Amino acid sequence: MYHLNFSCNVTAGKVRPKAEERTGRFANAGRGPRFFAQLEASGMADSTASFEADVIGAAPKGWTATKTGKGDSKWTIEDDKTAPSNSKVVKQSGRATYPLLLKDDTDIKDGFIQIKFKAVAGSEDRAGGVVWRARDANNYYVARANALEDNVVLYKTVQGVRSALDIVGRKGGYGVAISVPANEWLTLRVEFKGNRFRVLYNGRQLFEVEDSTLPAAGKVGLWTKADSVTLFDEVTYGVAK
């Protein structure tokens, strides 16, 4: 049984703060009401996706490879000696508006999803993200880290239209600026309960968001954008009990 104490010890990747972070521009990002403290005593059943039985070059079994918008996603199993798990990883190398990979047997309303990802290439975009409460390829929440923009942003996608959501305690702006180095394994995690979502990056809480657009349970999954070539490893997710 996994207990939420929110002292995440993920160490994959190193965050190199920008000048604005060192001077405190985002010092208070995500430090709103202690909403998630209510979950500390709650149990959470967690699962880790395994790709070891999958064939290299094929799509991962038990997942639906799709997209939001136009183009074609390409999700394949690959062997990467640098992977934190020392095993097979998932690679997205197609080109679409938003390539999407949904876990078939998930139906989660309150819980978490965490990944390790490596942004390998992409001239238009170079991003990796997590999806939750996905009803289909056009309706879901997504938090993503972008190595070209050096930021982490949380969005809602409704009827195929993506909109960035305001951070709790701050109106306007666009996510949080933070170093997202390419070709390094990094960790992205979202914890969600009710209308409140908490984003952690490399074990550090970045911000919280409130939104009630998609309140029902849905699938979790992986996400990229445009021509991003991204690797994913150690995909874990859980349901709050």
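**Note on the fold and its salt bridges**

1. The protein has 1 helix and 17 strands; helices (H or I, at least four residues) and strands (E, at least two) are DSSP runs, numbered from the N terminus. This is a predicted model, in which local features need pLDDT of at least 70, side-chain atom pairs count only at pLDDT 80 or more, and totals for chains, interfaces and linings use all residues. Residues are numbered from 1 along each chain as its sequence is written, and side-chain values use heavy atoms, with hydrogens and water left out.

2. Of the 241 residues, 53% are buried. Buried means under 20% relative accessible area, exposed over 50%, and partly exposed in between (1.4 Å probe, protein chains only).

3. The model has 15 salt bridges, each being a side-chain nitrogen of Lys or Arg within 4 Å of a carboxyl oxygen of Asp or Glu. Arg95, Glu124 and Asp227 are linked in a network of them.

4. Arg196 and Glu208 form a salt bridge at 2.8 Å, N to O. The pair links distant parts of the chain, with Arg196 in strand S14 (residues 196-201) and Glu208 in strand S15 (residues 204-210), 12 residues apart. Arg196 is buried at 3% relative accessible area, and Glu208 is buried at 5%.

5. Asp110 and Lys193 meet in a salt bridge at 4.0 Å, N to O. Asp110 lies in the loop between strands S6 (95-103) and S7 (111-121) and Lys193 in strand S13 (residues 186-193), so the pair ties together parts 83 residues apart in sequence. Asp110 is buried at 16%, whereas Lys193 is partly exposed at 26%.

6. In the salt bridge between Lys81 and Asp79, the closest N and O atoms are 3.4 Å apart. Lys81 is exposed at 72% relative accessibility, and Asp79 is partly exposed at 45%.
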